[in-house]
Amino acid sequence: MGINFNRSNGISESYVGRFDKENPEDMEQLDIVKQVVRWMNKDVKDLLKYDCGGTFKKWRLEYKGREVYKKMKTKTSKGPVKYKPNGFGTLVGGMKNARVIDAYIYRRYGYYEDWYRIQI
């Protein structure tokens with residue numbers, strides 16, 4: 001697990017890798033990814049790099065839980081389940097119950113950027 005540099009088999013370009021919370025090496029790699037995103041966002045402001053719309057390009061790191069520590073019962077389930085029914089793949093118990101995490105880097109849009117696009 002950890003950072004994945006292989007982009008074959010239809011893997012999203014935003015995908016960073018799969019990280020196990022119980023593996024200290026994976027958590028160190030995830031901390032490095034967090035720092036890189038933080039530094040990229042800081043450098044964007046310092047270097048005044050703009051995209052075509054005249055706004056700063058900022059990035060965000062998003063986590064998706066993939067494996068759970070413990071299956072739980074929901075209101076509509078007959079027994080213990082991993083995922084919420086109709087929850088778009090969200091884990092029962094949230095990220096606290098996630099043992100394995102997939103990380104993605106996406107473009108971050110702010111309120112003013114969205115407002116600017118609506119006005120055009």
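1. How do the residues of the lining of the largest pocket divide into nonpolar, polar and charged? The lining has four nonpolar, four polar and three charged residues, where Ala, Val, Leu, Ile, Met, Phe, Trp, Tyr, Cys and Pro count as nonpolar, Asp, Glu, Lys and Arg as charged, and the others, Gly among them, as polar. Tyr 63, Lys 64, Gly 65, Arg 66, Lys 84, Phe 88, Gly 89, Thr 90, Leu 91, Gly 94 and Met 95 line this pocket, and the space in it comes to about 150 Å³. A pocket here is an open set of points on a 1 Å grid over the protein atoms alone where a 1.4 Å probe fits, with protein on both sides within 12 Å along at least five of seven lines, and lining residues have an atom within 4 Å of a point. The volume is the space filled by probe spheres set on the points, which are joined across faces, edges and corners.

2. Please keep the basis of these values in mind: this is a predicted model, in which local features need pLDDT of at least 70 and side-chain atom pairs count only at pLDDT 80 or more, while totals for chains, interfaces and linings use all residues. Residues are numbered from 1 along each chain as its sequence is written, and side-chain values use heavy atoms, with hydrogens and water left out.

3. The protein has two helices and four strands, which follow one another from the N terminus as β-β-α-β-β-α; helices (H or I, at least four residues) and strands (E, at least two) are DSSP runs, numbered from the N terminus. The four strands form an open antiparallel sheet in the order S1-S2-S4-S3, with two strands counted as paired if DSSP finds at least two bridges between them. Strand S1 (2-3) and strand S3 (58-68) each have a single partner strand and stand at the edges, so one side of each has no neighbour in the sheet.

4. Strand S2 (residues 15-20) is joined to strand S4 (residues 98-108) by five bridges, and to S1 by two bridges, also in the antiparallel sense. Arg 18 of S2 stands opposite Gly 2 and also opposite Asp 102 in S4. Five of the six residues of S2 are buried, that is, under 20% relative accessible area with a 1.4 Å probe and protein chains only, whereas exposed means over 50% and partly exposed in between.

5. The largest nonpolar core consists of five residues, Val 16, Phe 19, Leu 30, Val 33 and Ala 103, and S2 and H1 are the elements that give two or more residues to this core. Such a core is a set of buried Ala, Val, Leu, Ile, Met, Phe, Trp, Tyr and Cys residues joined through side-chain atoms within 4.5 Å. Leaving aside neighbours within four places in sequence, Val 16 is in contact (heavy atoms within 4.5 Å) with Gly 2, Ile 3, Asn 4, Val 33, Ala 103, Tyr 104 and Ile 105.

6. Arg 66, one of the pocket-lining residues, lies in strand S3 and counts as partly exposed because its relative accessibility is 24%. Beyond four places in sequence, Arg 66 touches Arg 18, Tyr 83, Leu 91, Val 100, Asp 102 and Tyr 104.

7. Asn 41 lies in helix H1 (residues 24-47) and, at 11% relative accessibility, counts as buried. Not counting residues up to four places away in sequence, Asn 41 touches Lys 57, Lys 58, Trp 59 and Arg 108.
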